[in-house]
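Here is a short report for a reader who is meeting this structure for the first time. Please keep the sequence and the model in view while reading.

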Amino acid sequence: MKGNQEVIDYLNQLIAGELAARDQYFIHSRMYAEWGYNKLFTATDHETEHEKQHADTMIRRVLTLEATPACAPHELNIGRDVKSMLENDLALEYNVRDALKKGIALCEKHQDYVTRNLLVAQLKDTEEDHALWLEQQLRQIEQMGLQNYLQSQR
């Protein structure tokens, strides 16, 4: 099924964002593991897989639309400590959220409701899963202090 080129191009941009998110989470998860923060490692390693699944879904959609997936890598924002890592990941999720909303509107404009529904599902996951979890972690740091938070992540 031939897809709209503007939608395909935008999907390729979204794929690049998902792959960058995957890589950033992967690096952060390994840093958490190295520092002995096993709970943070487990949660972030799990999110690495989610981002890979998001990219996979979009790549499969591009292929269904009879196009070739192509994306330029996005820059990663690797933190130097736990708080900056969480903040960088949350900023990334907010960027993904905003990009997904634009993609949803674009799909509606071109009446590509299958792709729209795919993006809506990913938006739900972005907002209700990882962004929420990151906001909760940063709120815990604010409420209990960084040292107490870090102790609870072992």
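The sections below take up confidence, the helices and their loops, the cysteines, the charged pairs and the surface.

## Confidence in the model

This is a predicted model. Its protein chain has a mean pLDDT of 97. In that chain, 100% of the residues reach 70 or more.

Confidence can also be read by element. It is highest in helix H5, residues 146-152, at a mean of 98. It is lowest in helix H4, residues 113-144, where the mean is 96.

## Inside the helices

Start with helix H1, where glycine 17 is placed. Glycine 17 is buried, because its relative accessible area is 12%, under the 20% cut-off.

Now turn to helix H2, which holds arginine 61. Is arginine 61 buried or exposed? Arginine 61 is buried, since its relative accessibility is 9%. Its side chain makes a polar contact with the side chain of threonine 115, at 2.7 Å.

## Two loop residues with positive phi

Most residues other than glycine have a negative phi. Glutamate 66 has a positive one, near 65°. Glutamate 66 sits in the loop between helix H2 (38-64) and helix H3 (82-109). Its relative accessible area is 48%, so glutamate 66 is partly exposed.

Glutamine 111 also has a positive phi, of about 55°, although it is not a glycine. The loop between H3 and H4 is its place. Glutamine 111 is exposed, because its relative accessible area is 58%, over the 50% cut-off.

## Cysteines without a bond

A disulfide is a covalent bond between the sulfur atoms of two cysteines. How many disulfides does the structure hold? It holds zero.

Consider cysteine 71. Its closest cysteine sulfur belongs to cysteine 107 and lies 17 Å away, so the two are too far apart for a bond. A disulfide needs the sulfur atoms within 2.5 Å. The search from cysteine 107 leads back to cysteine 71, again at 17 Å and too far for a bond. Their surroundings can be read from accessibility. Cysteine 71 is partly exposed, at 35% relative accessibility. Cysteine 107 is buried, at 2%.

## Salt bridges

Side chains of opposite charge can pair when their charged atoms come close. The structure holds ten salt bridges. Why are arginine 60 and aspartate 56 separated by about one helical turn? The reason is that they are four residues apart in helix H2. Arginine 60 counts as exposed, at 54% relative accessibility. Aspartate 56 counts as partly exposed, at 35%.

Another salt bridge joins arginine 97 to aspartate 98. The closest N and O atoms of this pair are 3.2 Å apart. Arginine 97 is partly exposed, with a relative accessible area of 24%. Aspartate 98 is partly exposed too, with 34%. Next come arginine 116 and glutamate 108, whose side chains meet in a salt bridge at 2.6 Å, N to O. Arginine 116 is partly exposed, with a relative accessible area of 23%. Glutamate 108 counts as partly exposed at 35% relative accessibility.

## A nonpolar patch on the surface

Which residues form a nonpolar patch on the surface? They are Phe26, Ile27 and Ile78. Together they have about 220 Å² of accessible area.

Phenylalanine 26 belongs to helix H1, which covers residues 5-35. Phenylalanine 26 counts as partly exposed, because its relative accessibility is 39%.

Note on methods:
Residues numbered from 1 in each chain as written. Predicted model: local features only at pLDDT ≥ 70, side-chain atom pairs only at ≥ 80, totals over all residues. Heavy atoms only, no water. Patch = residues over 30% accessible without salt bridge, like charges linked within 9 Å, V, L, I, M, F, W, Y side chains within 5 Å. Areas by Shrake-Rupley, 256 points an atom, 1.4 Å probe, with all protein chains shown as cover. Salt bridge = Lys/Arg side-chain N within 4 Å of Asp/Glu carboxyl O. Buried < 20%, exposed > 50% of the residue type's maximum accessible area, 1.4 Å probe, protein only. pLDDT = per-residue confidence, 0-100. Polar contact = N/O pair within 3.5 Å; in protein donor to acceptor, adjacent residues only side chain to side chain.
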